[in-house]
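This briefing covers helix geometry, pockets, aromatic contacts and backbone angles. The structure comes first, and the notes follow by topic.

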Amino acid sequence: MGFFDRISNSWNIFKISFDFLKRDKSLMIVPVIGALVIIAVLILFFFFALPFVQYGGGWLFVILFLLIVNIIAVFFAAIQSWMVYEVAVGKDATLSSGAKRAFNNLFDIVLFVIASLVVGSVLRAVREKGGVFGEIASGVVGVFVGIAQKLIVPAMIIGERNFWESVKYLGKAVKALPEIAVYEIGMGPLFFAAFLLNIAIAFLVAMIFGFLTGVIMFVVILVLMIYLYSLIDQIYYTLLYIAVLEKKKVKGLKLR
């Protein structure tokens, strides 16, 4: 398979990721519910934090908060991954089936979150104490860790593997490196172009309707951009896992 074939594969997976949102609009609800749950947890922790801070338990509060928020985020990513799989095999995706699947893997989700937080802390320490070399090294490793995390979730949820089996499974991801590289390299300029367009739109709105309206428009569009990016990112990597790594057929997706 040639280089341009792999570019074509990446483009086709990217296009069909948008098509999945048309096939089943419930896919768009999952990140919203996840964000609302995290906001609710944030509010609850804010009120319960004061006693911890007063009695010197600030660090315990922060660690507990990070753990719970990340578990919630990964839990909803797992729901989304399963729902994408249901759409891929021609079923109606439901939030209840996704939640049931995620609950079945809750222990592995917790292990995944703990491992991610530990790795993140190590990379942060290297970046802060390693000088320029540490900054570059932690940045490069961080990119690969981020990609690995996106593939571990579908490997656990769709592949019915535990956390450690899913980590070992990442060796197969080498087969999908071209599709991963094309997507990761391409999304940066695309998001930056959309960001510049957002600035231009906000500037025009500010000129016509006032500065505050322009700022509000900029924030609203930026939030929608981040929402759409995270949504497509989740769908893309789930389809990559299904079609490229597992080599299962996805309706409407043709790979070379």
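The expected span of a helix is 1.5 Å times one less than its number of residues. Helices here are DSSP runs of H or I with at least four residues, and strands are runs of E with at least two, both numbered from the N terminus. The model is predicted: local features need pLDDT of at least 70, side-chain atom pairs count only at pLDDT 80 or more, and totals for chains, interfaces and linings use all residues. Residues are numbered from 1 along each chain as its sequence is written, and side-chain values use heavy atoms, with hydrogens and water left out.

**Helix 5**

- Helix 5 has 24 residues and should span 34 Å at 1.5 Å a residue; the end C-alpha atoms are 35 Å apart, which agrees.
- The buried residues of helix 5 are D108, I109, F112, V113, S116 and L123, where buried means under 20% relative accessible area, exposed means over 50%, and partly exposed lies in between (1.4 Å probe, protein chains only).

**Largest pocket**

- Rolling a probe the size of a water molecule over the atoms shows where empty space is left.
- On a 1 Å grid over the protein atoms alone, a pocket is an open set of points with protein on both sides within 12 Å along at least five of seven lines, whereas a cavity is a set where a 1.4 Å probe fits but cannot get out; lining residues have an atom within 4 Å of a point.
- The largest pocket holds about 970 Å³ of space, a volume being the space filled by probe spheres set on the points, with grid points joined across faces, edges and corners.
- Its lining has 30 residues, and P31, A73, A77, S230 and Q234 lie nearest the centre.
- Two or more lining residues come from each of helix 2 (29-54), helix 3 (58-88), helix 5 (106-129), helix 6 (131-157) and helix 9 (211-245).
- Helix 9 provides the largest share of this lining, 10 residues.
- By residue class, the lining of the largest pocket has 20 nonpolar, 8 polar and 2 charged residues; nonpolar covers Ala, Val, Leu, Ile, Met, Phe, Trp, Tyr, Cys and Pro, charged covers Asp, Glu, Lys and Arg, and the others, Gly among them, are polar.

**Second largest pocket**

- The second largest pocket holds about 400 Å³ of space.
- Of its 18 lining residues, L66, L117, G120, S121 and R124 are the closest to the centre.
- At least two lining residues come from each of helix 3, helix 5 and helix 6, and helix 5 gives the most, with 9.
- The lining of the second largest pocket divides into 10 nonpolar, 6 polar and 2 charged residues.

**Aromatic pairs and charges over rings**

- Rings of Phe, Tyr and Trp (its six-membered ring) pair if their centres lie within 6.5 Å; planes under 30 degrees apart are stacked, over 60 edge-to-face, and the rest tilted.
- The count by this rule is 14 aromatic pairs.
- F75 and F103 are edge-to-face, because their ring centres are 4.9 Å apart and their planes are at 65°.
- This pair joins distant parts of the chain, with F75 in helix 3 and F103 in helix 4 (residues 95-104), 28 residues apart.
- F75 is buried at 11% relative accessibility, whereas F103 is exposed at 53%.
- Y236 and Y237 are also edge-to-face, with ring centres 5.7 Å apart and planes at 75°.
- Y236 is buried at 0% relative accessibility, and Y237 is buried at 1%.
- One aromatic cluster consists of W11, F14, F18, Y183, Y236 and Y237.
- A charge sits over a ring if NZ of Lys or CZ of Arg is within 6 Å of the ring centre and within 35 degrees of the ring normal.
- R101 lies over the face of W82, 3.9 Å from the ring centre.
- The charged end of R161 sits over the ring of Y169, 3.9 Å from its centre.

- Most residues other than glycine have a negative phi, and most peptide bonds are trans.
- E160 has a positive phi near 55°; this residue is in the loop between helix 6 and helix 7 (163-169) and is exposed at 62% relative accessible area.
- K247 has a positive phi of about 55°; this residue is in the segment after helix 9 and is exposed at 61%.

**A buried loop residue**

- L27 is in the loop between helix 1 (3-23) and helix 2 and is buried at 0% relative accessibility.
- L27 and I79 are 52 residues apart in sequence, and their C-alpha atoms are 9.5 Å apart in space.
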